[in-house]
Amino acid sequence: MRRHENTAAYATDQLPGETVDAVVIGGGAAGLNGALMLARSRRTVVVIDSGAPRNAPAEGVHGLLGLEGIPPGVLLERGREEVRGYGGLVVTGEVTAAAPAAPSAGGDPRFTVTLDDGRSVTARRLLVATGLRDVLPDVRGLAGHWGRGVVHCPYCHGWEVRDEPIGVLAVGPASVHHALLFRQLTDDLVYFTRGTDLDDDTRARFTARGIRVVDTPVAEVVAAEDGGIEGVRLSGGDLVPRRVLAVATTMQARTEGLDELSLPMRDLPGAMGRHFATGMAGTTEVPGVWVAGNATDLTAQVGASAAAGALAGAHMNADLAVADTEAALTALQSSAKAA
């Protein structure tokens, strides 16, 4: 959860000194929507956000009904203000440790969340919404175009690169399906195998769809004078002109500072990524901890992540309501005995 160097500073609230109902780790779509549901349920909630959203390089959020094309920063700013409008707090900081603490006398869970500046807060419940980190293949000149000329999702960026000369840099079996999706967007598609296997049947299907296959190793991505992509340089020196490159990244859930929670992890097939393992509504094997968004659903777009956060927030509130009722019943019975 490292801060993004280009992320503009925004207003931050103070950490409360008392135990809060919920701490949300991560201030993206999932975290903010989870916090919104909790705050609207009159729960005390603190969002801790390091200011490093995955989609920071993107110009707009796409596929989100009613907010099509909204800049990511604008969407998150609106979300923060909506959470604050219901009494929630949004704190800028990087979580360095989140760990179980001594439960209440009645056994209700407690967690201590510590920030990089030494501040800490205690919560009854945690929502982990840390998102993920995209790991690009090691190709010289590729990373500098990430989020612009280098894209990964045909639904997030496809319309914006339609009819461009697109190249798919293969990373494994998933890249075959990737190529078919991007072929829907352009008639000029080149598939760079980069040493990955491509069987005869797939090659025949690519030929039928007009997808050119290049088996020569890729040496580098060449920048154009306008700052975009000129093409792909092959190991033999030839340049294949391309304006856009699509690549299936390796997606790794952000886990920094969360080791002490001992949340179970799961690998995707084909070394495509690693994420937190969750059940219905983001529940985990650790009582009192939920996970939502890209940290558990690596392929979720903004809308799906926000919905998952809302669902997790609602279930957290329901869990707290049960705990509050049990505590009230215990207190009432104790008072009756004392009388």
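**Figure 1. An open sheet of 5 strands.** In this predicted model, 5 strands pair in parallel to form an open sheet, in the order β8-β15-β9-β10-β11. Strands (E, at least two residues) and helices (H or I, at least four) are DSSP runs, numbered from the N terminus, and two strands pair if DSSP finds at least two bridges between them. The edges are β8 (150–151) and β11 (211–214), each of which pairs on one side only. Strand β9 (residues 166–169) joins strand β15 (residues 244–246) in the parallel sense through 3 bridges. Isoleucine 166 has valine 244 in β15 as its bridge partner. Strands of a sheet pair through backbone hydrogen bonds, either parallel or antiparallel.

Residues are numbered from 1 along each chain as its sequence is written, and side-chain values use heavy atoms, with hydrogens and water left out. Because the model is predicted, local features need pLDDT of at least 70 and side-chain atom pairs count only at pLDDT 80 or more, whereas totals for chains, interfaces and linings use all residues.

**Figure 2. Glycine 167 in strand β9.** Glycine 167 belongs to strand β9. Is glycine 167 buried or exposed? Glycine 167 counts as buried because its relative accessibility is 0%; buried means under 20% relative accessible area, exposed over 50%, and partly exposed in between (1.4 Å probe, protein chains only). Its contacts (heavy atoms within 4.5 Å), leaving aside neighbours within four places in sequence, are Val190, Phe192, Arg242, Val244, Leu245 and Ala246. The C-alpha atoms of glycine 167 and valine 190 lie 4.7 Å apart, although 23 residues separate the two in sequence.

**Figure 3. Strand β16 and its partners.** Strand β7 (residues 132–135) pairs with β16 in the antiparallel sense over 4 bridges, and aspartate 134 has methionine 251 as its bridge partner in β16. Strand β18 (residues 273–276) runs parallel to β16 and is joined to it by 2 bridges. Here glutamine 252 stands opposite arginine 274 in β18.

**Figure 4. The largest nonpolar core.** A nonpolar core is a set of buried Ala, Val, Leu, Ile, Met, Phe, Trp, Tyr and Cys residues joined through side-chain atoms within 4.5 Å. The largest one has 25 residues, and Val23, Val113 and Leu126 have the most contacts inside it. Two or more residues come from each of β1 (20–25), β2 (45–49), β4 (95–101), β5 (110–115), β6 (120–128) and β19 (289–291). Which element gives the largest share of this core? That element is β6, with 4 residues. A second, separate core has 20 residues, among them Tyr10, Leu32, Val83 and Trp290. In soluble globular proteins, nonpolar side chains tend to be buried together.

**Figure 5. The second largest pocket.** The second largest pocket holds about 420 Å³ of space. On a 1 Å grid over the protein atoms alone, a pocket is an open set of points where a 1.4 Å probe fits, with protein on both sides within 12 Å along at least five of seven lines; lining residues have an atom within 4 Å of a point. Grid points are joined across faces, edges and corners, and the volume is the space filled by probe spheres set on the points. There are 19 lining residues, and the closest to the pocket centre are Glu59, Gly147, Arg148, Gly149 and Val161. The lining comprises 6 nonpolar, 8 polar and 5 charged residues; Ala, Val, Leu, Ile, Met, Phe, Trp, Tyr, Cys and Pro count as nonpolar, Asp, Glu, Lys and Arg as charged, and the others, Gly among them, as polar.

**Figure 6. Histidine 152 in a loop.** Histidine 152 is found in the loop between β8 and α3 (154–157). Histidine 152 is buried, because its relative accessible area is 19%. Residues up to four places away in sequence aside, histidine 152 touches Arg54, Trp146, His157, His178, Phe182, Val247 and Thr249.

**Figure 7. Alanine 219 in strand β12.** Strand β12 (residues 218–223) contains alanine 219, which counts as partly exposed because its relative accessibility is 27%. Alanine 219 is in contact with Arg140, Arg233, Leu234 and Ser235, residues up to four places away in sequence not counted.
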